[in-house]
Amino acid sequence: MCRVGLIDDVNEEYENYRYRLELRDIELLYMDYKSSYNEILCWILDNRIEVLLIDYKLDLLYDFNGSKLFQFINNKIPDLQCILFTSNPEDDDLVIKMLKVDKNVFNSDGKFNEFVDILKQASKVFNNRQKETVNDYRKLLEKKEKESISPEEERNFFDLYNRLISYGIIEKIPEKLLESDFEKAVDDLIKDVEDYVRKEGKNG
């Protein structure tokens with residue numbers, strides 16, 4: 001069963017959506033209010049969402065619209081398939097037409113069947129992309145273990161680790177590998193400078 005997340009500022013139709021999709025082997029999870037983009041991101045990872053439906057307006061609960069959130073999620077989890085779920089598909093010009101679905105899709109059997117196929121295909125694409133992401137992660141892990149990783153690669157390594165571990169795709173690694181080599185180097189440098197200043201102060 002594929003896992004689909006729903007982000008909407010109203011949940012009146014959620015149970016109806018959930019029931020109909022469950023009959024088609026799709027689990028729909030509704031996200032309760034979150035106060036920030038990062039909380040939303042954590043919810044997606046914690047619930048191992050494979051496809052995300054985002055309402056366009058969101059104005060009853062949030063001070064941003066769905067297309068802005070869509071863009072944020074795409075930047076943070078490029079593998080995740082997002083779909084703008086709206087009553088007015090023409091309102092937005094930040095998301096291409098093929099990634100928009102009219103909420104009335106539940107009122108037409110033919111369109112609903114197509115929608116179900118899209119969700120299942122999107123879930124499959126996500127999981128296939130995750131496999132490729134694991135390969136990228138393993139290359140960075142090897143560099144991290146050899147201490148030959150750049151600052152940018154290290155940031156990417158941490159992001160991939162947090163994402164993949166949330167989905168249960170990789171195993172946990174020793175805590176030492178989750179420490180930043182570059183932050184430690186900066187901390188050591190600051191400590192050396194402070195020690196030097198204290199020593200000079202005493203000598204002076």
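Glu22 and Arg18 sit four residues apart in helix α1, so about one helical turn separates them. The two form a salt bridge, with the closest N and O atoms 3.1 Å apart. This pairing belongs to a predicted model. The structure holds 10 salt bridges. The protein has six helices and five strands, and 40% of its 204 residues count as buried.

**Overall layout**

- From the N terminus on, the order of elements is β-α-β-α-β-α-β-β-α-α-α.
- The secondary structure comes to six helices and five strands.
- Helix α1 covers residues 14-22, and strand β2 covers residues 26-30.
- Strand β3 spans 51-55, and helix α3 spans 66-76.
- Strand β5 takes in residues 100-102.

- Glu22 is partly exposed, at 42% relative accessibility.
- Arg18 is also partly exposed, at 25% relative accessibility.

**Salt bridge between Lys103 and Asp55**

- The side chains of Lys103 and Asp55 meet in a salt bridge, 2.9 Å from N to O.
- Lys103 lies in the loop between β5 and α4, while Asp55 belongs to strand β3, so the pair ties together parts that are 48 residues apart in sequence.
- Lys103 counts as buried, at 15% relative accessibility.
- Asp55 is buried too, with a relative accessible area of 7%.
- Both values fall below the cut-off, because buried means under 20% relative accessible area.

**Salt bridge between Glu142 and Lys146**

- Glu142 forms a salt bridge with Lys146, and their closest N and O atoms are 3.0 Å apart.
- Glu142 is partly exposed, at 42% relative accessibility.
- Lys146 is exposed, with a relative accessible area of 59%.
- Elsewhere, salt bridges with shared partners join Asp8, Asp55 and Lys103 into one network.

**Helix packing**

- Two packed helices are described by the angle between their axes and the distance between the axes.
- Helix α4 covers residues 109-145 and helix α5 covers residues 151-166.
- The axes of α4 and α5 come within 9 Å and cross at roughly 130°.
- The helices α4 and α5 are therefore oblique to each other.
- The crossing of α4 past α5 is left-handed.
- Helix α2, residues 37-46, meets α3 with axes that come within 11 Å and cross at roughly 60°.
- That angle makes α2 oblique to α3.
- The α2 and α3 crossing is right-handed.

- Asp25 is not a glycine, yet has a positive phi of about 65°.
- Asp25 lies in the loop between α1 and β2.
- Asp25 counts as partly exposed, at 41% relative accessibility.
- Leu58 is likewise not a glycine, and has a positive phi of about 60°.
- Leu58 sits in the loop between β3 and α3.
- Leu58 is buried, with a relative accessible area of 0%.

- Val10, Tyr33, Leu60 and Leu61 form a nonpolar patch on the surface.
- Together, the four patch residues have about 380 Å² of accessible area.
- Leu61 is in the loop between β3 and α3.
- Leu61 is partly exposed, with a relative accessible area of 37%.
- The loop between β3 and α3 also holds Leu58, which is buried.

- Lys68 lies in helix α3.
- Lys68 is partly exposed, with a relative accessible area of 42%.
- Lys68 and Tyr56 are 12 residues apart in sequence.
- Their C-alpha atoms are 9.0 Å apart in space.

Technical notes: Residues numbered from 1 in each chain as written. Predicted model: local features only at pLDDT ≥ 70, side-chain atom pairs only at ≥ 80, totals over all residues. Heavy atoms only, no water. Patch = residues over 30% accessible without salt bridge, like charges linked within 9 Å, V, L, I, M, F, W, Y side chains within 5 Å. Areas by Shrake-Rupley, 256 points an atom, 1.4 Å probe, with all protein chains shown as cover. Helix = DSSP H or I, 4+ residues; strand = E, 2+ residues; numbered from the N terminus. Buried < 20%, exposed > 50% of the residue type's maximum accessible area, 1.4 Å probe, protein only. Axes fitted to C-alpha atoms, helices over the stretch in contact; angles between N-to-C directions. Parallel < 35°, antiparallel > 145°, perpendicular 65-115°, else oblique. Left-handed = near helix turned anticlockwise from the far one by under 90°.
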